[in-house]
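Me: I have just opened this entry and would like a guided tour. Could we begin with a single detail and widen the view from there?

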Amino acid sequence: MPIDSDDEAINQLLDSYREEVGLDVESPQKKDSGQGELSDESGEEGSDAEAPDVKAEEDEDDDREQGKLIKKQKEDGDSEDEAENREEDVLDQLDEQLIDKPKTNKEKELMSLVFGGRAELVSNLMKASVEDFGEESDDGETKKRKRSAAWEDSDDERDDDFPKKERKVEMRATVNRRRKNFEKIVGQPKWADLDREREIDSDDEILKTVGHVVKGSTVDLPKGNIELKRLKNLNRETKNEGQITAINFHPTSMVAVMAGLNGLASIVAVDGTKNEKLHTIGLKRFKIACCRMTPDGNEVLFGSFRKFYHVYNLISGQSDTLQLRGDGAWTMKNFELSNCGKYLAVTGGFGEIHLLDARSKELLTTIQQKNACPSLCFTPDSKYLIAHSTDNEVSIYHLEKRRFVNVFVDEGCVNGSFITVCPNNRYLATGNRQGIVNIYLLEKVLKEKYPSPEKTVSNLTTSVGSMAFNVTSELLAIASAEVPDAVKLVHMKSGTVFRNFPMIKAGLGSVTRVAFSPGGGFLAIGSREGVVSLFRVKHYQNY
């Protein structure tokens, strides 16, 4: 008899599912046969012979009715009503213990959308069966199908499939691609160009020279920002000088001498990397208040608050102690040497200035001014001695004529504190206790009583304790020891200070002394804390 293939597949799947779940549920046909057996058992023994004939007739009637129904469905086609009836038949065959039957039309529609019609339900069940149990091969063995991943990760494929060498090649290609993109957007940095020409003002170039072998820079120093590089501290191997009172650079060799109130003076080699200590001079019970090197670089003079001073010969290493000659209670706590090497000027008490012969140390004359002298200096040509006072007057003394040629008033000054002249003999800088620095033309102060300053720097707010020009007179360093990091660099051509110095949290301490090397390539800054910081001024090539 013809049997619908879909019905047969559904019945087989339902039977296998019942067996897996372990439910004791029988199909409708088995249930009917069971009832027949029960009825036969309950009957008499005589009716056993008639039961097979009755059962056979019932089966034949059922088969005929089912065949008629299938034939009718094939002739008429699957209409919508018949499809719903087939779905109801399938649902009727599901066990009530496994799946709840839809109770309303809406539930039927939802179940139809989820499972589809009979054909879709059969195909879905067959697909699920194949996925779970695999495909059956020709020899009867079931081959398990490899499940596909939920998503694909390119990194996993790279790790699994690519060998190490290929990964390295791919990584190198990625680096090259990114480098090209960077150079396309930003451009190649100057430092990354291997074929670039070496800069002339390199830090290493200065270490190959001694003194002034290399010519200085011909380009003017720009204003605004200055290129500085902080190096190792100049006294990194000593650190025992105490409060720094003097810093002197040798005029021809890369050597510096530092002195402090602890009575120690250190001689170090200036290279910016090691700054090795060459020698230490210890003076017992002698607080070094002032230290100056002779213009030829052969001797160093140490002064203190006592009636004697020390002279150390850098060539022979011999140290001599000399007594001050002359009357009066004056000491060598503050003195200066002229560039010609002939004169030595020492400040005394009550406005006295003692002029000595630098070679024989004989007293030549004593100069008297109205007020005490806190600072003095010689002009570069050694013609004039200029002395500031604790008042607002500045005295100019002619060395050859041995008399004062002018006394002028420092504008805006109440109490003078420091004075210096630039190396090119053009500018005179004065500092006072109010933190004001006035810069005058030297030719004006030699003649005028009330000269006007060319530039006034008011960036410091406390007493100016130290000032120094560089060799080209383009740069002026000013400092005050009253507050930490109170140091400025002044651009002489514009009269402005550089914005990027000192740096934030520079850690320079209370600055007591500033000094430039003979070529302007180094700047040394001493402090009360006993530290001498060293900076490389990149604009200048020389030591």
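Predicted model: local features only at pLDDT ≥ 70, side-chain atom pairs only at ≥ 80, totals over all residues.

Me: How many bridges pair strand 14 with strand 15, and in which sense?

Reply: Five bridges pair strand 14 and strand 15, and the sense is antiparallel. The two strands form a hairpin with five residues between them, in which lysine 361 has a positive phi near 65°.

Me: What does strand 14 do with strand 13?

Reply: Strand 13 (residues 343-347) pairs with strand 14 (residues 352-357) in the antiparallel sense, over five bridges. Within that pairing, alanine 345 has leucine 355 of strand 14 as its bridge partner.

Me: Which other open sheet has four strands?

Reply: Another open sheet of four strands runs in the order 16-17-18-19, again with antiparallel pairing. Its edges are strand 16 (376-378) and strand 19 (403-409); as each has a single partner strand, one side of each is without a neighbour in the sheet. From one strand to the next, the twist averages 20°.

Me: How are strands 16 and 17 joined?

Reply: Strand 16 and strand 17 (residues 384-388) run antiparallel and are joined by three bridges. Phenylalanine 378 has leucine 385 in strand 17 as its bridge partner.

Me: A change of topic: arginine 292. Is the residue buried or exposed?

Reply: Arginine 292 is buried, since its relative accessible area is 18% and the cut-off for buried is under 20%. The residue belongs to strand 8 (residues 290-293).

Me: What does the side chain of arginine 292 reach?

Reply: The side chain reaches the backbone oxygen of phenylalanine 335, at 3.5 Å. Apart from residues up to four places away in sequence, arginine 292 touches Ala246, Asn248, Glu299, Val300, Leu301, Phe335, Glu336 and Leu337.

Me: Where should I look for the largest nonpolar core, and which residues touch the most other members?

Reply: The largest nonpolar core has 20 residues, and those touching the most other members are Val487, Leu489, Phe501, Leu508, Val514, Leu523 and Ile525. At least two core residues come from each of strand 25 (475-479), strand 26 (487-491), strand 28 (511-516), strand 29 (522-527) and strand 30 (532-537).

Me: What is valine 487 in contact with?

Reply: Beyond its neighbours within four places in sequence, valine 487 is in contact with Leu460, Ile478, Ala479, Phe501, Pro502, Leu508, Val511, Val514 and Ile525. Of these, Ile478 belongs to a second, separate core of 18 residues, which also includes Tyr427, Leu441 and Met467.

Me: How many residues of strand 25 are buried?

Reply: Five of its five residues are buried. Leu475, Ala477 and Ala479 point one way, while Leu476 and Ile478 point the other way. In a regular strand, side chains alternate between the two faces of the sheet.

Me: Which strands pair with strand 25?

Reply: Strand 24 (residues 466-469) pairs with strand 25 in the antiparallel sense over four bridges, and strand 26 is joined to strand 25 by five bridges, also antiparallel. Alanine 477 is the bridge partner of alanine 468, and alanine 477 also stands opposite leucine 489 in strand 26. Strands 24 and 25 form a hairpin with five residues between them, and serine 473 in the turn has a positive phi of about 65°.

Me: To finish, what is the secondary structure of the chain as a whole?

Reply: The chain has 10 helices and 30 strands. Buried residues account for 40% of its 543 residues. Of contacts between residues at least 6 apart in sequence, 47% join residues at least 24 apart. The chain exposes about 32500 Å², with carbon and sulfur atoms supplying 48% of that area.

Definitions and conventions
Residues numbered from 1 in each chain as written. Heavy atoms only, no water. Core = buried A, V, L, I, M, F, W, Y, C linked by side-chain atoms within 4.5 Å. Buried < 20%, exposed > 50% of the residue type's maximum accessible area, 1.4 Å probe, protein only. Contact = heavy atoms within 4.5 Å. Polar contact = N/O pair within 3.5 Å; in protein donor to acceptor, adjacent residues only side chain to side chain. Areas by Shrake-Rupley, 256 points an atom, 1.4 Å probe, with all protein chains shown as cover. Pairing = 2+ DSSP bridges. Axes fitted to C-alpha atoms, helices over the stretch in contact; angles between N-to-C directions.
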